[in-house]
Amino acid sequence: MSARLLFSLIWVLLATYLPVQAQMEQARRLETAKLELATDTGSDESFDVTTLSERGVLVTIRKGGFYANDPAEFRFQFYTTDLNEQWTTRFKSEGRFEPRLSYHNNDFLYWLFQEENTATIQILRVNLQDGSTETFAGDLLDGMTMQHFKVVDSQAYIGGTHNTRPVVMAFSFFDRTTKV
């Protein structure tokens with residue numbers, strides 16, 4: 001009976017020790033991993049890192065778009081959890097559209113652009129699986145100030161104020177219509 005108890009005790013210790021060792025080894029590997037990004041000293045750039053849980057990280061590098069009629073150029077780079085680059089994609093907005101707000105969920109990253117001094121918007125959708133992009137255009141209420149942006153299924157919800165009153169608009173990706 002004591003041999004059986006000793007065998008069971010050793011089995012329990014090994015069963016708990018090995019997964020803990022594997023987790024510690026993965027943590028040690030990630031501590032030493034680093035990501036270096038090349039910068040362009042000739043232009044203004046901003047960097048944003050979005051963590052995507054166990055899937056990895058999305059690095060967004062934005063050039064330009066900080067001034068009127070200066071088109072924003074985005075470079076999206078997706079890295080796995082061990083910091084290996086999986087895909088890279090680029091998007092350059094038309095000069096008249098300025099980036100306003102962004103939102104991401106498990107499948108997509110969205111950027112909301114607005115044409116200066118008009119109600120015209122453009123929404124960029126980046127697929128986080130493969131980096132493919134799509135754009136959608138539409139119109140909001142004239143004079144609306146945007147403060148919130150969220151996407152649920154095939155609807156983008158844009159919240160803000162119009163004539164000092166709160167308003168939420170729903171933009172459909174399917175038929176590109178907006179509703180208050």
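Let's start at a loop. Thr164 lies in the loop between β10 (155-162) and β11 (165-172). Strands here are DSSP runs of E with at least two residues, helices are runs of H or I with at least four, and both are numbered from the N terminus. Thr164 is exposed, at 76% relative accessible area. The cut-offs are these: buried is under 20%, exposed is over 50%, and partly exposed is in between, with a 1.4 Å probe and protein chains only. Thr164 and Met144 are 20 residues apart along the chain, and their C-alpha atoms are separated by 9.2 Å.

A word on what you are looking at. This is a predicted model, in which local features need pLDDT of at least 70 and side-chain atom pairs count only at pLDDT 80 or more, while totals for chains, interfaces and linings use all residues. Residues are numbered from 1 along each chain as its sequence is written, and side-chain values use heavy atoms, with hydrogens and water left out.

Now the overall layout. The protein chain has one helix and 12 strands. Of the 180 residues in the chain, 33% are buried.

Next, another loop. Arg176 sits between β11 and β12 (178-179). Its relative accessibility is 41%, so Arg176 counts as partly exposed. Asp139 is 37 residues away from Arg176 along the chain, and the two C-alpha atoms are separated by 8.8 Å.

On to backbone angles. Most residues other than glycine have a negative phi. Which residues here go the other way? Leu83 does, with a positive phi of about 65 degrees, although it is not a glycine. Leu83 is in the loop between β3 and β4 (85-92). It is partly exposed, at 25% relative accessible area. Asp153 also has a positive phi, of about 55 degrees, and is not a glycine either. Its loop runs between β9 and β10. Asp153 is exposed, because its relative accessibility is 69%.

Val152, Tyr157 and Val168 form a nonpolar patch, with about 240 Å² of accessible area together. Patch members have over 30% relative accessible area and no salt bridge; like charges are joined within 9 Å, and nonpolar side chains (Val, Leu, Ile, Met, Phe, Trp, Tyr) within 5 Å. A salt bridge means a side-chain nitrogen of Lys or Arg within 4 Å of a carboxyl oxygen of Asp or Glu. Areas come from the Shrake-Rupley method with a 1.4 Å probe, and for residues only the protein chains shown count as cover. Val152 belongs to strand β9 (residues 145-152). It is partly exposed, at 38%.

Last, the inside. How many cavities of 30 Å³ or more does the structure hold? One. A cavity is a set of points, on a 1 Å grid over the protein atoms alone, where a 1.4 Å probe fits but cannot get out; lining residues have an atom within 4 Å of a point. The largest cavity has a volume of about 40 Å³. Its lining is Ile61, Lys63, Glu73, Phe74, Arg75 and Arg90. Both β2 (57-63) and β3 (73-79) supply at least two of the lining residues. β3 gives the largest share, three residues. By class, two lining residues are nonpolar, none is polar and four are charged.

Key: On a 1 Å grid over the protein atoms alone, a cavity is a set of points where a 1.4 Å probe fits but cannot get out, and a pocket is an open set with protein on both sides within 12 Å along at least five of seven lines; lining residues have an atom within 4 Å of a point. Grid points are joined across faces, edges and corners, and a volume is the space filled by probe spheres set on the points. Ala, Val, Leu, Ile, Met, Phe, Trp, Tyr, Cys and Pro count as nonpolar, Asp, Glu, Lys and Arg as charged, and the others, Gly among them, as polar.
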